[in-house]
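Okay, everyone, thanks for having me. Let me put the sequence and the model up on the screen, and then we'll walk through it together.

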Amino acid sequence: MELLPSVLHVLIFFQYFLLSTSRPPTLPSSGPNPGRSRFVLVHGAGHGAWCWYKIIPILKSHGYNVTAIDLVSSGINLQSPDDLRSISDYIEPLIGLIESLEEGERAILVGHSLGGLAVSKAMEMFPGKVHMAVFATALMPGPNFNFTSLSQGDIELATLLVRPQRIFSNKDIDENIVLTRKRYGSVNRIFVVSEKDVTFVKEFQLWMMKNNPPNQVEYIKDSDHMIMISKPLDLAHRLLSLAKKFT
Ligand SMILES: *[C@@H]1O[C@H](CO)[C@@H](O)[C@H](O)[C@H]1NC(C)=O
Ligand SMILES: *[C@@H]1O[C@H](CO)[C@@H](O)[C@H](O)[C@H]1NC(C)=O
């Protein structure tokens, strides 16, 4: 995990804040239909909305609405992790956001790392409100592939699902994230392989896909686990072309 020093966090947050409050001047004619698609970016363990700061302006400049969320006790969400009774509490900010999308608006979900669990749950709960889901080197459980089975593919995983979130047991995660073919399985799903990831090594990513094949796979060379920071242009352009293809 590459955790930046906290001073840098603050600077990045302010930069993110400025970016997120500035609007693109005009919508390019090649952009999405008004009110149709919103990119919703979901960070991994120990991170927050700030980690997407390089991607957000690129997506916005193509006319998309973008929301990067903070899960509970992440980023600027100051709720204490001690209040979390279950992983469902932790991912509630994403569920609440999808639930509150305007009529006719649908989400393009992008999950990183542990954020894949939140994205999976949102797909299962609101398949009709999700255009597609992109797993950027993210955990991708499936209908016959629960978290317990998934975590057996990587002995590091238990230690990765770190402070403060690793207060959820496998049982809690398996019981709260139950995925069905009918709902979760009805949403287009894309996996982005991060080739030089040393947290989720490439073999683990490929193994996960073997157990739960997505509709499409993208490969990004030379990216580490923090794919949105090490390869922001590459990732953003793939997200844009995937959005064109699947929405
Ligand atoms: C972005 O969101 C605003 C406010 O909800 C909405 O009016 C607009 O149509 C949306 N644009 C796109 C491209 O989805
Ligand atoms: C998760 O999957 C494992 C292995 O297939 C199974 O033994 C376990 O009962 C499952 N857990 C739940 C809560 O479904």
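So, which residues sit around ligand 2? They are Asn-146, Ser-149 and Asp-174, where "around" asks for a heavy atom within 4 Å of the molecule. Taken alone, ligand 2 exposes 360 Å², and the protein buries 35% of that. Those areas come from the Shrake-Rupley method with a 1.4 Å probe, and for residues only the protein chains shown count as cover. A polar side-chain atom of Asn-146 lies 2.4 Å from an oxygen atom of ligand 2. For Ser-149, a polar side-chain atom lies 3.5 Å from an oxygen atom of ligand 2.

Quick housekeeping. This is a predicted model, so local features need pLDDT of at least 70 and side-chain atom pairs count only at pLDDT 80 or more, while totals for chains, interfaces and linings use all residues. Residues are numbered from 1 along each chain as its sequence is written, chains are lettered from A and ligands numbered from 1 in the order in which they are written, and side-chain values use heavy atoms, with hydrogens and water left out.

Now zoom out. How many helices and strands does the protein have? Of the 247 residues in the protein, 53% are buried. Buried means under 20% relative accessible area, exposed means over 50%, and partly exposed is in between, using a 1.4 Å probe and protein chains only. The protein exposes about 11200 Å², with carbon and sulfur atoms supplying 54% of it. And take the contacts between residues at least 6 apart in sequence: 76% of them join residues at least 24 apart. A contact here means heavy atoms within 4.5 Å.

Let's go to strand β1, residues 37-42. Six of its six residues are buried. On one side you have Ser-37, Phe-39 and Leu-41, on the other Arg-38, Val-40 and Val-42, and both faces are covered. What are its neighbours? β1 runs parallel to β3, joined by six bridges, and Arg-38 has Ala-107 as its bridge partner there. Five bridges join β1 to strand β2, residues 65-69, also parallel, with Leu-41 standing opposite Ala-68. For the term itself, two strands pair if DSSP finds at least two bridges between them. β1, helix α2 (residues 56-61) and β2 also make a right-handed β-α-β unit. Right-handed means that, with the strands pointing away from you, the path from the first strand over the helix to the second runs clockwise.

Compare that with strand β6, residues 216-220. β6 pairs with strand β5, residues 188-194, in the parallel sense over five bridges, and Val-192 stands opposite Glu-218. With helix α9, residues 202-211, these two strands make a right-handed β-α-β unit.

Next, some backbone angles. Most residues other than glycine have a negative phi. Ser-113, though, has a positive phi near 55°. It lies in strand β3, residues 106-113, and Ser-113 is buried at 3% relative accessible area. Asp-222 has a positive phi too, about 60°. Asp-222 sits in the loop between β6 and α10, 227-230. Buried or exposed? At 48% relative accessibility, Asp-222 counts as partly exposed.

Last stop, a few helices. In α5, residues 115-125, ten of the eleven residues are buried, including Leu-117, Val-119 and Met-123. Ser-88 lies in helix α3, residues 87-90, and its side chain makes a polar contact of 2.5 Å with that of Asn-176. A polar contact is a pair of N or O atoms within 3.5 Å; within protein, one must be able to donate a hydrogen and the other to accept it, and residues adjacent in sequence count only if both atoms are side-chain atoms. Finally, Ser-151 in helix α6, residues 147-151, reaches the backbone oxygen of Thr-148 at 3.0 Å with its side chain.

Definitions and conventions: Helices (H or I, at least four residues) and strands (E, at least two) are DSSP runs, numbered from the N terminus.
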